[in-house]
Amino acid sequence: MSIGTSEVMQGAGVVAPSPPPSGADPRITPRHLSRRALIYVRQSSPTQVVRHPESARRQYGLAERAQRLGWMAEQVTIIDEDQGKSGAGSAAAHDRAGFGQLVSAVGLGEVGIILVLEVSRLARNSAEWYRLLELAALADALIADEDAIYDPRQFNDRLLLGLRGTISEVELHCIEARLQGARRSKAQRGELPMRLPVGLVRTREGAIELDPDQEVQGALRTVYAQFEALRSANAVLQFFRTHGLKIPRRSCHGADAGELHWVKPTYQAIHQFIVNPIDAGAYAYGQRRPEHAMLPGLGRREPRHRFALDELEVLIRDHHPGYVSWERYLANRALLRENSQQFAPSPGAPQKGSALLQGIVYCGRCGCRMKPHYAASSPSYLCSTRKQHYGEPICQSLTIAHVDQAVSAAFLAVVQPAGVEVLLALSEEFDREQAQVERQWQLRLERARYEAERAARQYNQCEPENRLVARELETRWNERLRVVGELEEEYRQEQRRGLAPLTEDEKELLRSLVSDVPTLWQATETGVEDRKRLLRCLIREVILNRGEGAKGRGGITTIRIGWKSGAWTELRVNRPASSDQARTAPATLDRMASLAGQMTDERVAALLNAEGHMTRQGLPWTAARIQRVRHYHRIATACPVMPRDDQPRGDGLVSIGAAAAILGVVPSALDHWRTWGFLPMEQAGEGSPFWVRLTDEERARLDGTLAAQGHGQWRIREAERILGVTKEQIWEKARRGEIIAYRARFATHWEWRVSLAEDADQSVSDEAKTDERAVAPIG
């Protein structure tokens with residue numbers, strides 16, 4: 001910005017300049033005096049601007065010196081946009097717009113002299129310093145500091161300016177080297193303060209200890225305990241989300257820096273808890289830093305990278321209390337590496353999919369890992385590594401079903417003798433997991449109740465007359481009470497869902513399941529990922545060899561199971577042919593034929609799925625699939641979608657035409673009754689015919705028998721008046737089952753009478769009691 005001398009004096013607090021001396025510097029010529037004089041003001045950081053105002057006062061005072069050298073007040077321009085910005089790097093890196101403005105003015109030949117307190121104010125890197133000297137020499141601009149005036153066109157002055165610029169850069173390097181050396185020296189002793197992760201706090205003496213907040217400790221200990229049990233960070237995340245638990249997070253920046261917040265768990269947060277060595281009691285310095293050290297002035301610093309443990313600058317074990325031992329921490333990191341699919345030797349974490357041997361199955365021909373291939377027709381283990389890398393043919397392919405069935409049988413045969421130990425371990429694990437979740441919920445509720453009580457105390461201490469404050473405190477109190485109520489409701493839901501203690505029946509069921517390991521293995525509650533984890537507890541790898549024979553033909557598959565104990569088991573199992581995979585299982589066909597005589601295709605499909613029957617492709621049954629298989633195997637159904645004759649279906653339903661004939665009405669009348677809600681009907685799908693379940697009770701309700709016995713309290717108009725509803729509302733209540741309609745005959749016409757559903761039930765009950773009294777023996 002350009003300001004006059006008076007403004008400079010008022011802002012800097014200096015006295016008015018005296019007239020310039022009679023003897024001027026010979027380097028200053030009238031040509032220089034005809035141009036502007038630029039005053040460049042800069043301090044390296046905002047802290048210096050605040051704490052060292054004298055330096056800024058001296059720099060602004062250079063405007064007085066420019067006038068003593070012969071420049072007019074209106075020719076003096078002060079550039080102070082770069083206050084609080086470092087000169088170590090490039091101007092672009094530190095956003096020094098003022099320096100860019102100065103360089104542009106020099107290049108345009110508008111500047112006669114540049115005045116700075118010292119040349120290091122302009123730049124502290126050689127690249128920009130020498131670039132400015134070149135422009136000043138070409139534009140015939142002088143450079144002056146507190147000591148002298150320099151002409152960049154003269155060799156001696158240029159040499160001196162170059163040395164001053166180099167010395168300022170060396171000075172910065174030496175200062176930074178001393179600071180970094182002292183920092184590393186302190187870090188090597190474990191005394192350099194570092195940002196602590198949530199769960200650890202620093203005492204007044206500087207020691208590191210566990211957070212005294214028991215809820216924070218409980219959350220972190222739950223993370224480590226569940227990871228040790230579940231062996232997957234994603235599984236730990238699902239555990240927290242299933243039980244409604246939250247994790248702590250401490251703000252590092254902003255107005256709430258240092259405040260503790262409870263947030264929803266994320267995979268990144270769970271992963272960071274597990275891999276952070278500080279939580280394991282180690283002092284770690286240099287976990288994240290730029291991969292290559294860059295000299296100042298060469299552009300923006302490159303992003304920081306996370307380094308492995310053996311590449312840290314300082315690593316001191318057992319430096320402070322931790323949540324896990326160092327050995328357990330290393331085992332957790334190794335497990336995470338195994339779970340990662342980025343590393344070829346690792347089996348990876350159990351993934352979704354029906355293949356139980358995912359990640360641990362290898363080819364017996366080439367030794368490469370086989371991968372599950374979930375084709376629609378026949379899922380298989382496929383060895384395609386050499387095809388992907390070298391373009392060679394696929395080595396071998398084996399269907400998943402017969403391999404998994406054989407390996408599962410071998411696994412169950414091994415674990416069957418250990419049923420009692422499994423029961424004890426499972427019971428202890430369940431109790432321990434339940435105690436962890438219950439403890440976290442109690443701590444969470446305790447914190448919420450404390451916040452509500454604290455808000456209540458603040459409100460009670462406020463003077464009632466001070467309504468401005470009282471209203472705000474009341475709002476906070478109500479908000480804390482609302483949070484407590486919501487939290488207690490979540491806790492009750494969690495208790496109903498999983499925290500309630502096991503009943504004796506549930507414990508007996510658990511004992512029976514564990515004593516029968518195959519039943520537990522096949523239970524629907526045991527997911528595919530759970531089965532994979534169980535297999536990996538005992539099995540290290542499985543090697544497959546399909547033997548000789550053309551592709552698609554049956555044969556013998558050799559399966560070698562490598563147990564973690566070092567033992568090997570070899571199995572030879574029959575491999576089904578491709579044609580076998582295209583046939584529906586005989587047991588499924590027999591079950592389908594037995595159900596088709598009494599159920600529709602939709603009900604048959606639902607029941608087969610519930611019983612665990614699948615199609616030959618491993619897909620669930622649908623009505624369309626049931627119909628195709630029935631037609632192919634010529635299995636008749638007694639419950640067709642389209643009416644064939646007037647006979648009832650296998651499930652008791654009759655067509656509208658047959659029902660109309662039985663009741664003595666036209667078929668269109670039944671359609672009206674359905675619309676009003678007086679006659680419920682069933683339909684397979686939109687556009688399909690309607691079917692009526694005409695039981696004896698329904699027939700009596702519609703042919704006037706029940707109405708003649710006194711059922712039906714009101715005519716439609718009477719019901720409208722007594723119940724205070726419209727005709728459309730009566731129809732809606734009938735569709736919901738709240739009103740029952742009876743068809744009654746009066747003289748030569750028919751009409752509808754209705755009763756409330758509860759009144760109709762009471763009437764039926766009274767009739768039953770009357771019948772009982774009628775047949776009771778006379779004493």
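Good morning. I begin with an open sheet of 4 strands, ordered β14-β18-β19-β20, in which the pairing is mixed. The structure before you is a predicted model. At the edges of this sheet stand β14, residues 361-363, and β20, residues 568-575; each has a single partner strand, so one side of each is left without a neighbour in the sheet. From one strand to the next, the twist averages 25 degrees.

β14 and strand β18, residues 539-545, run parallel and are joined by 3 bridges. Within this pair, Val361 stands opposite Val542 of β18.

Which helices pack on the sheet? One of them is α14, residues 400-415, which touches β18, β19 (555-563) and β20. The direction of α14 makes about 40 degrees with that of β19. Another is α19, residues 528-538, which touches β18 and β19. Here the direction of the helix makes about 95 degrees with that of β18.

I turn now to the nonpolar interior. In soluble globular proteins, nonpolar side chains tend to be buried together. In this model, the largest nonpolar core has 49 residues. Which of them have the most contacts inside the core? They are Leu200, Val223, Phe240, Ile270, Phe273, Ile274 and Tyr283. At least two residues each are supplied by β7 (208-210), α9, α10, α11, β10 (283-285), α12, α15 (419-460) and α16 (467-499). The largest share, 6 residues, comes from α9. Apart from this core lies another, of 28 residues, and among its members are Cys363, Ile400, Ala406 and Ile559.

Helix α11, residues 267-275, deserves a separate word. Its buried residues are Ala269, Ile270, Phe273, Ile274 and Val275. An α-helix has 3.6 residues a turn, so residues three or four places apart point the same way. What covers the buried residues of α11? The cover includes α9 (214-230), α10 (233-242), β8 (247-250) and α12 (326-339). For Ile274, leaving aside residues up to four places away in sequence, the residues touched are Val223, Tyr224, Phe227, Ala233, Tyr329, Asn332 and Leu336.

Finally, the chain as a whole. It has 30 helices and 26 strands, and buried residues make up 39% of its 779 residues. Of the contacts between residues at least 6 apart in sequence, 60% join residues at least 24 apart. The accessible surface comes to about 44000 Å², and 53% of that belongs to carbon and sulfur atoms. Thank you.

Definitions and conventions
Residues are numbered from 1 along each chain as its sequence is written. This is a predicted model: local features need pLDDT of at least 70, side-chain atom pairs count only at pLDDT 80 or more; totals for chains, interfaces and linings use all residues. Side-chain values use heavy atoms; hydrogens and water are left out. Buried means under 20% relative accessible area, exposed over 50%, partly exposed in between (1.4 Å probe, protein chains only). Contact means heavy atoms within 4.5 Å. Accessible areas come from the Shrake-Rupley method with a 1.4 Å probe; for residues, only the protein chains shown count as cover. A nonpolar core is a set of buried Ala, Val, Leu, Ile, Met, Phe, Trp, Tyr and Cys residues joined through side-chain atoms within 4.5 Å. Two strands pair if DSSP finds at least two bridges between them. Axes are lines fitted to C-alpha atoms, for helices over the stretch in contact, and angles run from 0 to 180 degrees between N-to-C directions.
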